[in-house]
Amino acid sequence: MKKLGMACVMILFAATSAFAHFGMLIPNKDVVEPADKSVSLTLSFSHPFEGVGMDLVKPKVFSVFYNGKQTDLLDTLSEATVMNHKAWKSTYTVKRPGVYRFFMEPTPYWEPAEDVSIIHYTQTIVSAFGDEEGWSEPLGVKTEIVPLTRPFASRTGFVFTGRVLLNGKPVPNAEVEVEYYNAKNTITAPNDHHVTYVVHADDSGVFTFACPQPGWWGFAALNEGDFTIKDPEGKDKPVELGAVLWVQMTPWNTK
């Protein structure tokens with residue numbers, strides 16, 4: 001009976017560990033108005049639909065891209081808790097109109113269930129004071145999703161389109177995992193297939209997905225890295241590189 005119970009636990013662990021990981025970089029708003037110039041950001045690592053968190057050690061890079069310049073924000077981070085696991089938070093005060101692209105490169109995460117290290121290059125994009133210039137420009141990081149649809153001030157039901165880049169080049173037929181941040185745990189999945197959705201990009205790395213629910217949606221394009229990282233036993237193991245972008249869908253207001 002004990003062996004059977006342990007086997008059930010292992011099967012359950014294998015099933016839950018197979019769900020998609022997402023680097024998360026969630027601001028409290030995607031549009032900044034002059035009356036409130038402060039943006040609060042939460043950095044975490046999780047299964048966002050299920051509300052299952054993992055510890056996020058202090059990121060290797062946390063920065064903001066604005067007007068062609070990257071500014072280091074690591075010193076602004078303070079420890080936080082998200083989904084009962086270690087996370088980080090920051091506050092950024094916007095001073096000028098423009099598009100602010102917040103970016104996180106985490107410390108590699110070793111995932112024994114998949115025998116890989118995971119690095120999710122994660123970003124979210126915020127518009128300030130009505131300026132929309134530059135939201136579709138590549139950042140120039142290792143891998144990224146370049147939005148082809150404006151990634152802020154979107155409404156529920158909008159279609160989002162993006163292009164997957166790896167080393168600055170489009171990734172033909174890239175597989176993109178899509179997951180809803182079920183922050184209030186109000187949405188249930190009829191089966192596991194409804195936890196993470198999957199779309200394939202076309203030959204130029206372009207994909208499209210319609211977001212039916214208000215809230216934050218994560219898009220993660222996964223590719224194998226062109227380098228290895230040693231596992232806890234000192235063996236060279238492959239690396240999963242994730243280009244992750246978070247986009248908010250705002251509900252329609254009715255009178």
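What percentage of the 255 residues of the chain count as buried? In this predicted model, in which local features need pLDDT of at least 70, side-chain atom pairs count only at pLDDT 80 or more, and totals for chains, interfaces and linings use all residues, the share that counts as buried is 48%, where buried means under 20% relative accessible area, exposed over 50% and partly exposed in between, with a 1.4 Å probe and protein chains only. Residues are numbered from 1 along each chain as its sequence is written, and side-chain values use heavy atoms, with hydrogens and water left out.

**View 1. The chain as a whole has 1 helix and 22 strands.** Helices (H or I, at least four residues) and strands (E, at least two) are DSSP runs, numbered from the N terminus. The C-alpha atoms fill a box of roughly 65 × 45 × 40 Å along the principal axes. Among contacts (heavy atoms within 4.5 Å) between residues at least 6 apart in sequence, 66% join residues at least 24 apart.

**View 2. The largest nonpolar core has 35 residues.** Such a core is a set of buried Ala, Val, Leu, Ile, Met, Phe, Trp, Tyr and Cys residues joined through side-chain atoms within 4.5 Å. Ile-145, Val-164, Val-176, Phe-207, Trp-217 and Phe-219 touch the most other members of this core. Strands that each supply at least two of its residues include S9 (98–105), S11 (116–128), S14 (159–166) and S22 (239–250), and S22 gives the most, with 6 residues. Apart from this core lies another, of 23 residues, among them Leu-25, Val-39, Val-64 and Leu-73. Leaving aside neighbours within four places in sequence, the residues in contact with Val-176 include Val-164, Tyr-197, Phe-207 and Phe-219.

**View 3. Ring pairs link Phe-160, Tyr-180, Tyr-197, Phe-207, Phe-209, Trp-217 and Phe-219 into a cluster.** Rings of Phe, Tyr and Trp (its six-membered ring) pair if their centres lie within 6.5 Å, and planes under 30 degrees apart count as stacked, over 60 as edge-to-face and the rest as tilted; by this rule the count comes to 16 aromatic pairs. The rings of Phe-160 and Phe-207 have centres 6.2 Å apart and planes at 55°, so this pair is tilted, and it links distant parts of the chain, with Phe-160 in strand S14 and Phe-207 in strand S18, 47 residues apart. Both Phe-160 and Phe-207 are buried. The pair of Tyr-197 and Phe-209 is also tilted, because the ring centres are 6.1 Å apart and the planes at 35°. Tyr-197 is partly exposed at a relative accessible area of 31%, whereas Phe-209 is buried at 12%.

**View 4. Ser-90 is placed in strand S8 (residues 85–93).** Ser-90 counts as buried, at 5% relative accessibility. The side chain of Ser-90 makes a polar contact with the side chain of Thr-76 at 2.7 Å; a polar contact is a pair of N or O atoms within 3.5 Å, where within protein one must be able to donate a hydrogen and the other to accept it, and residues adjacent in sequence count only if both atoms are side-chain atoms.

**View 5. Thr-228 is found in the loop between S19 and strand S20 (229–230).** Thr-228 counts as partly exposed, with 46% relative accessibility. Leaving aside neighbours within four places in sequence, Thr-228 is in contact with Asp-236, Lys-237 and Val-239.
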